Amino acid sequence: MLADLHVSPTAFGVIMGVCGAGSLAGALLAPRIASRIGIGPTIIIGFAVSPMAQIPLLLAGSGLRWQIALAGTLAVQLFWATAFGTSQRSLRQILCEPRFQGRMQAASTTVTAGARPLAAAAAGALALFLGVRSTLTVGTVLQIVPVILLLASPVCALRDMPVPPARTAVPPAREGAS
């Protein structure tokens, strides 16, 4: 935005602030959205909005109109990202045994956060060879993969949170047990 679209640092800050407001609204409205349209559709829409929100960025030029369009689009993207993130984490917590909650969250965080430096390095290398817009296009296309996988999964038909499975009693740890 700063280099290619010549957005001023102030305008960039305003755009990011609008994005943050979208994220806050998504967090506040996530339970209401999931109860109205269903947990599965909330998750799928959240994933589907992301590649669609990249299209204005791919087409953007310089000027105030594009800055407003980008701020609005990115705010919608972060709104849905937060709404679906809240929903999918809640679903995982219901389906996961309480004794594995920490492991489940640690694995999820490791996979998602651990992939970011690799993705950033790959995107940087691609940008050197293909250019910024071509690299953004590749990223946009790759974001469609999770949507296709979700549409083919049981998540698609999930309207309500499932009833947690009956939990088995976990015996207390014994002293000296290995």
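The largest nonpolar core consists of 10 residues: Leu5, Val7, Ala11, Ile15, Cys19, Leu57, Ala60, Leu70, Ala71 and Leu74. Two elements, helix H1 (9–37) and helix H3 (64–95), each give two or more residues to this core. A nonpolar core here is a set of buried Ala, Val, Leu, Ile, Met, Phe, Trp, Tyr and Cys residues joined through side-chain atoms within 4.5 Å. The model is predicted: local features need pLDDT of at least 70, side-chain atom pairs count only at pLDDT 80 or more, and totals for chains, interfaces and linings use all residues. Residues are numbered from 1 along each chain as its sequence is written, and side-chain values use heavy atoms, with hydrogens and water left out.

**Overall form**

- The protein chain has 6 helices and 0 strands; helices (H or I, at least four residues) and strands (E, at least two) are DSSP runs, numbered from the N terminus.
- The chain is more spread out than a compact globule, because its radius of gyration is 20 Å, well over the 16 Å that the globule rule gives for 178 residues.
- That radius is taken over C-alpha atoms, and the globule rule is 2.2 Å times the number of residues to the power 0.38.
- The C-alpha trace spans about 65 × 40 × 35 Å along its principal axes.

**Confidence**

- The average pLDDT of the protein chain is 89, and 93% of the residues score at least 70; pLDDT is the predictor's confidence in each residue, from 0 to 100.
- Confidence is lowest in H3, with a mean of 91, and highest in helix H6 (residues 144–151), at 95.

**Burial, surface and contacts**

- Of the 178 residues in the protein chain, 29% are buried; buried means under 20% relative accessible area, exposed over 50%, and partly exposed in between (1.4 Å probe, protein chains only).
- Among contacts with a separation of 6 or more, 78% join residues 24 or more positions apart; contact means heavy atoms within 4.5 Å.

**The cores**

- In soluble globular proteins, nonpolar side chains tend to be buried together.
- Leu57, one of the residues of the largest core, is in contact with Met1, Leu70, Arg133 and Leu136, leaving aside its neighbours within four places in sequence.
- A second, separate core has 8 residues, including Ala34, Ile43, Ile44 and Leu150.

**Residues of helix H3**

- Leu64 is in helix H3 and counts as exposed, because its relative accessibility is 61%.
- A polar atom of the Thr73 side chain lies 2.8 Å from the backbone oxygen of Ala69.
- Beyond its neighbours within four places in sequence, Thr73 is in contact with Ala53 and Pro56.
- Gln77 lies in helix H3 and counts as buried, because its relative accessibility is 14%.
- Leaving aside neighbours within four places in sequence, Gln77 is in contact with Val49, Ser50, Ala53 and Gln54.
- The side chains of Gln77 and Gln54 make a polar contact at 3.4 Å; a polar contact is a pair of N or O atoms within 3.5 Å, where within protein one must be able to donate a hydrogen and the other to accept it, and residues adjacent in sequence count only if both atoms are side-chain atoms.
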